[in-house]
Amino acid sequence: MTDRILVVLIALGCSLAIAVPGAVLLRLRRGWSVTVHVCVLIAVTVLAMAAGVVGTALAMFISPHDLSVLLTVVAVAGAVSLAVALWQGRRLAAASMWSAEARRRERQLEASRRELVAWVSHDLRSPLAGLRAMAEALEDGVVADRGTVDEYHRRIRTETDRMAGLVDDLFELSRINAGALRLSLSAVPLGDLVSDAVASAEPLATAKRVRLIAATGDWPVVRASEPELSRVLANLLRNAIRHTPPDGTVSVDGGHDGANGWFAVTDACGGIPEADLPRVFDVAFRGETARTPRPAGGGGGLGLAIVRGLVEAHAGEVAVSNVDTGCRFLVRLPA
């Protein structure tokens with residue numbers, strides 16, 4: 001019994017001589033990667049075991065041959081353990097990075113969802129209150145003259161159309177975020193698409209006294225779904241017209257860029273603050289100063305988010321930059 005206790009104490013002392021400094025080292029180096037932490041942990045474990053075995057073997061005065069065999073076995077087992085630790089440590093590191101990225105994206109989506117709910121609630125509450133007030137005024141006979149009644153009817157229809165557009169944007173955005181968007185890809189001539197979009201946006205531009213210009217030339221043919229790409233262009237044109245002051249100009253041009261086709265919408269909004277450029281395509285972001293929509297003509301802050309979602313669904317890219325007169329929204333798509 002005395003010999004066994006002595007062996008336990010020798011093995012414990014030798015193992016602790018390695019394990020304690022290793023534990024302190026791991027605690028002080030918390031900034032190391034997961035792979036390095038796992039490898040150091042396994043190395044400390046193997047070395048602590050080896051120290052205990054070797055210390056006990058030396059105290060037992062075993063033969064040099066047996067000691068060399070024992071050390072060989074410990075070395076081989078340690079090498080295998082370290083190889084497994086390195087392999088699994090890389091896998092754990094990749095899984096940890098993926099989990100951290102997933103948590104970050106989840107927090108961003110949750111924050112975006114809360115912001116969207118707040119914006120939409122505000123955008124719906126105001127017109128609904130106005131609609132209710134006008135409906136009650138018409139119902140109670142407070143408004144009787146024909147001109148005012150017609151004006152109330154016009155405003156009710158305008159607000160209803162705006163809310164219908166907001167609901168449509170929400171539905172489209174939900175399809176994009178849920179991955180339920182199904183594209184029917186085909187060869188789409190951008191020139192024809194731009195011509196139709198400009199013709200559709202012309203009444204809005206005329207009402208705002210904004211010049212709408214489409215470049216003539218060699219427009220590319222891109223691989224896209226025509227209805228979704230039409231919506232991208234329509235959203236960009238409406239956004240540009242909305243933020244361009246009277247007597248300003250909105251232009252559309254396009255061309256080829258290697259294996260891609262591109263088109264760009266340039267407005268005269270006066271520019272976007274550099275700090276806001278990365279957030280332009282965020283859900284419910286409306287910006288400040290020159291790009292803050294007027295109450296009568298503002299959108300729900302969803303148009304550019306829908307643009308980005310639809311373009312990325314086409315394996316394309318969309319970007320915004322400031323130019324001399326305003327902003328330039330550039331869309332690249334596979335040719």
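This is a predicted model: local features need pLDDT of at least 70, side-chain atom pairs count only at pLDDT 80 or more; totals for chains, interfaces and linings use all residues.
Glu151 forms a salt bridge with Arg154, and the closest N and O atoms of the two are 2.7 Å apart. Why are Glu151 and Arg154 separated by about one helical turn? Because they are 3 residues apart in helix α4, which covers residues 146-177. Arg154 is also partly exposed, with a relative accessibility of 42%.

Helix α4 holds another such pair. Arg157 and Asp161 both lie in this helix, 4 residues apart, or about one turn. They form a salt bridge whose closest N and O atoms are 3.4 Å apart. Arg157 is partly exposed at 48% relative accessibility, and Asp161 is partly exposed at 45%. In general terms, side chains of opposite charge can pair when their charged atoms come close.

How many salt bridges does a search of the whole structure find? The search finds 7.

## The open sheet

Strands β4 and β7 belong to an open sheet of 5 strands, in the order β2-β4-β5-β7-β6, with mixed pairing. Its edge strands are β2 (211-214) and β6 (317-322), each of which pairs on one side only. From one strand to the next, the twist averages 15 degrees.

In which sense do β4 and β5 pair? Strand β4 (residues 249-257) and strand β5 (residues 260-266) are antiparallel, with 7 bridges between them. Within this pairing, Val252 stands opposite Val265 in β5. Helix α6, residues 226-243, lies across β2, β4, β5 and β7 (327-334), and runs at about 25 degrees to β5.

Ser225 is found in the loop between β3 (221-224) and α6. Is Ser225 buried or exposed? With a relative accessible area of 3%, Ser225 is buried.

Leaving aside residues up to four places away in sequence, Ser225 touches Leu183, Ser184, Leu185 and His314.

## Two loop residues with positive phi

Now for the backbone. Most residues other than glycine have a negative phi. Arg209 has a positive phi of about 60 degrees although it is not a glycine. Arg209 is placed in the loop between α5 (190-207) and β2, and it counts as exposed at 52% relative accessibility.

Ala315 is another residue to look at if you are checking backbone torsions: its phi is near 60 degrees, a positive value in a residue other than glycine. Ala315 sits in the loop between α7 (303-313) and β6. At 62% relative accessibility, Ala315 counts as exposed.

Leu28 is found in helix α1, which covers residues 2-28. Leu28 counts as exposed, with 67% relative accessibility.

Helix α2 (residues 34-59) contains Thr45. Thr45 is partly exposed, at 47% relative accessibility. Although Thr45 and Ser15 are 30 residues apart along the chain, their C-alpha atoms are separated by 8.7 Å.

Notes. Residues are numbered from 1 along each chain as its sequence is written. Side-chain values use heavy atoms; hydrogens and water are left out. Buried means under 20% relative accessible area, exposed over 50%, partly exposed in between (1.4 Å probe, protein chains only). Two strands pair if DSSP finds at least two bridges between them. Axes are lines fitted to C-alpha atoms, for helices over the stretch in contact, and angles run from 0 to 180 degrees between N-to-C directions. Contact means heavy atoms within 4.5 Å. A salt bridge is a side-chain nitrogen of Lys or Arg within 4 Å of a carboxyl oxygen of Asp or Glu.
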